[in-house]
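Subject: Structure handover

Hi,

Here is the structure for you to look over. My notes follow below it.

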Amino acid sequence: INAEYRGVGDTLHRWSNGALRSVRHRVVHGAAQDRHSTAFFFDPRYDTRVVPLLAADEAALHEPFVYGEHITQRVRSNYETLPPQDDQAPTTNTYKDHTSS
């Protein structure tokens, strides 16, 4: 089976005011053949203010946000603790497994 998957992340979901839905990416691979994946991420600058794009009569479903603050919070939410400097790797295995939620 050949398949292609394109996931929309939280930023595009909020920028499109919910028109494009953010999804959780989960893979269960039980087939006998190999699975090949390529990921591509395109992010705005950290200081970019993301404001929902609205039609003339549409109300915003999300508040505007600064991308860098948003992505930092998302990364931090994956860890119990982070070291004092963000550019260092955690000293213990503190990764939260979100696959069971």
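Start with Asn-17. Asn-17 counts as buried because its relative accessibility is 3%; buried means under 20% relative accessible area, exposed over 50%, and partly exposed in between, with a 1.4 Å probe and protein chains only. Two points on the model before going further. This is a predicted model, where local features need pLDDT of at least 70 and side-chain atom pairs count only at pLDDT 80 or more, while totals for chains, interfaces and linings use all residues. Residues are numbered from 1 along each chain as its sequence is written, and side-chain values use heavy atoms, with hydrogens and water left out.

Asn-17 surroundings
Asn-17 sits in the loop between α1 (10-15) and β1 (49-50). Helices (H or I, at least four residues) and strands (E, at least two) are DSSP runs, numbered from the N terminus. The Asn-17 side chain makes a polar contact of 2.9 Å with the side chain of Glu-58. A polar contact is a pair of N or O atoms within 3.5 Å; within protein, one must be able to donate a hydrogen and the other to accept it, and residues adjacent in sequence count only if both atoms are side-chain atoms. Setting aside neighbours within four places in sequence, the contacts of Asn-17 (heavy atoms within 4.5 Å) include Pro-52, Leu-53, Glu-58 and His-62.

Salt bridges
There are two salt bridges in the structure. The term means a side-chain nitrogen of Lys or Arg within 4 Å of a carboxyl oxygen of Asp or Glu. One of them pairs Arg-74 with Asp-10, at 3.0 Å from N to O. Arg-74 is in helix α2 (residues 67-76) and Asp-10 is in helix α1, so this pair ties together parts 64 residues apart in sequence. Arg-74 is partly exposed, at 39% relative accessibility. Asp-10 is also partly exposed, at 24%. Asp-47 and Arg-45 form a salt bridge too, with 2.7 Å between the closest N and O atoms. Both of these residues are exposed.

His-70
Helix α2 also holds His-70. His-70 is buried, at a relative accessible area of 11%. Its side chain makes a polar contact of 3.4 Å with the side chain of Arg-14. Not counting residues up to four places away in sequence, His-70 touches Asp-10, Thr-11, Arg-14 and Phe-65.

Surface
Leu-12, Trp-15, Leu-20 and Leu-53 form a nonpolar surface patch, with about 360 Å² of accessible area together. Patches are made of residues with over 30% relative accessible area and no salt bridge: like charges are joined within 9 Å, nonpolar side chains (Val, Leu, Ile, Met, Phe, Trp, Tyr) within 5 Å. Leu-12 lies in helix α1 and is partly exposed at 34% relative accessibility. The chain's accessible surface is about 8900 Å², with 52% belonging to carbon and sulfur atoms. Areas come from the Shrake-Rupley method with a 1.4 Å probe; for residues, only the protein chains shown count as cover.

Whole chain
The chain has two helices and two strands, in the order α-β-β-α. Buried residues make up 12% of its 101 residues. Of the contacts between residues at least 6 apart in sequence, 39% join residues at least 24 apart.

Confidence
Average pLDDT (the predictor's confidence in each residue, from 0 to 100) is 77, and 77% of the residues score at least 70. Residues 88-101 fall below 50; beyond near neighbours in sequence, this stretch has 22 contacts in the model.

Best wishes
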